[in-house]
Amino acid sequence: MRRSRSRTIQPILQQTQLALTDLVVPLFVDENIVKNKPITSMPGQFRYSLNNIDSIAKNLCDDGLRAILLFGIPKNKDPKATSAYDKQGIVQKAVRKIKEVVPDMVVITDVCACEYTDHGHCGIIGKTRCGTDLLNDASLELMNRISISHAEAGADVVAPSCMLDGMVGSIRSALDEEEHEDVLIMSYSTKFASAYYGPFREAADSGYSFGDRTTYQINPANAREAFLESQLDAGEGADILMVKPVGFYLDVLAEIATLGLPVAGFQVSGEYAMIKAASQKGWIKEKEAVLESLTCIKRAGADLIITYFASDVPRWLNEKS
Ligand code: PBG
Ligand code: ZN
């Protein structure tokens, strides 16, 4: 085996090559600020203001990155998340601005209500047999409206993330009815109820005021259920499936890749924070740790990797060669 591991031979035999086109950059755009605001629990990450967001996207594009995933932080929150589907909402405005300046950037929008509801849950809540909980069908209607408003603003891909039943099929029909047949759906199809979303709740101001998300997100212990969720979304017309978080769930990702659709892995806020914190303490080397994690996610079968490290990768890949 060691013949093939010599310095000269090894590079030509490397099986998995990380490419910039594999990466998706998550970006937070905040309606309440005019100056970019650092996110404490995610060193190096910011909430951007609307007036900066197009130049941020332009710089990423100049560096060779081709896709962004937008999260909005609105001025107003209410029980029904009305600002989430406002034509003049923060995400809608950001998409229009970005598409004007960098039309070739693939703009993906997160479709969810938790940043827009005052209670912080991902859709409409109400009374159920087990107490107050997320209502499935009432929330579907809301997701349809949000998706249509993002498509109208120019989003290439909508990414519904609230784990409702029938969500992908519902959004697909709603988009088609409004003549947005060409807008893709990247479903957060397999989304676990994970402790690793912790820093995101500060980043997107999307913490909840009661309960938790375990009545809609998947139990991390359940691999079969995780596969079934993605299988159902594939049947409803998803164009891209997703596993989130990804780092501890590569077995699930590899299995879901057998469905035949493109699969994305989301390296979430807590995964970012762990690598960042350890490397800031000097306990691991950041660049090596990140490139290893991303290469392994790709090796497991991911076609796309959503990662907060994305903007560092162009520089790091250049340094390597
Ligand atoms: C909202 C949403 C969350 C993330 C993406 N969209 C948080 C959650 O479901 O509680 C997490 C992303 C991250 O941690 O980086 N539905
Ligand atoms: Zn949500």
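This is a predicted model: local features need pLDDT of at least 70, side-chain atom pairs count only at pLDDT 80 or more; totals for chains, interfaces and linings use all residues.
1. Local features need pLDDT of at least 70 and side-chain atom pairs count only at pLDDT 80 or more, while totals for chains, interfaces and linings use all residues. Residues are numbered from 1 along each chain as written, ligands are numbered from 1 in the order written, and side-chain values use heavy atoms, without hydrogens and water.

2. The axes (lines fitted to C-alpha atoms over the stretch in contact, with angles from 0 to 180 degrees between N-to-C directions) of H3, residues 90–101, and H4, residues 136–153, come within 8 Å and cross at roughly 25 degrees. H3 is therefore roughly parallel to H4 (angles under 35 degrees). Helices are DSSP runs of H or I, at least four residues, numbered from the N terminus.

3. On the H3 side, Val91, Gln92, Val95 and Arg96 meet Ser149, His150 and Ala153 of H4 (heavy atoms within 4.5 Å). These residues divide into three nonpolar, three polar and one charged.

4. H9 (residues 269–280) and H10 (residues 286–299) have axes that come within 9 Å and cross at roughly 155 degrees. That makes H9 roughly antiparallel to H10 (angles over 145 degrees). Ile275, Lys276 and Ser279 in H9 meet Glu286, Ala289, Val290 and Ser293 in H10.

5. Ligand 1 is surrounded by 17 residues (a heavy atom within 4 Å); the closest are Arg201, Arg213, Lys244, Ser269 and Tyr308.

6. A side-chain N or O atom of Lys244 is 3.3 Å from a nitrogen atom of ligand 1.

Note on methods:
Helices (H or I, at least four residues) and strands (E, at least two) are DSSP runs, numbered from the N terminus. Angles under 35 degrees count as roughly parallel, over 145 as roughly antiparallel, 65 to 115 as roughly perpendicular and the rest as oblique. Ala, Val, Leu, Ile, Met, Phe, Trp, Tyr, Cys and Pro count as nonpolar, Asp, Glu, Lys and Arg as charged, and the others, Gly among them, as polar. A polar contact is a pair of N or O atoms within 3.5 Å; within protein, one must be able to donate a hydrogen and the other to accept it, and residues adjacent in sequence count only if both atoms are side-chain atoms.
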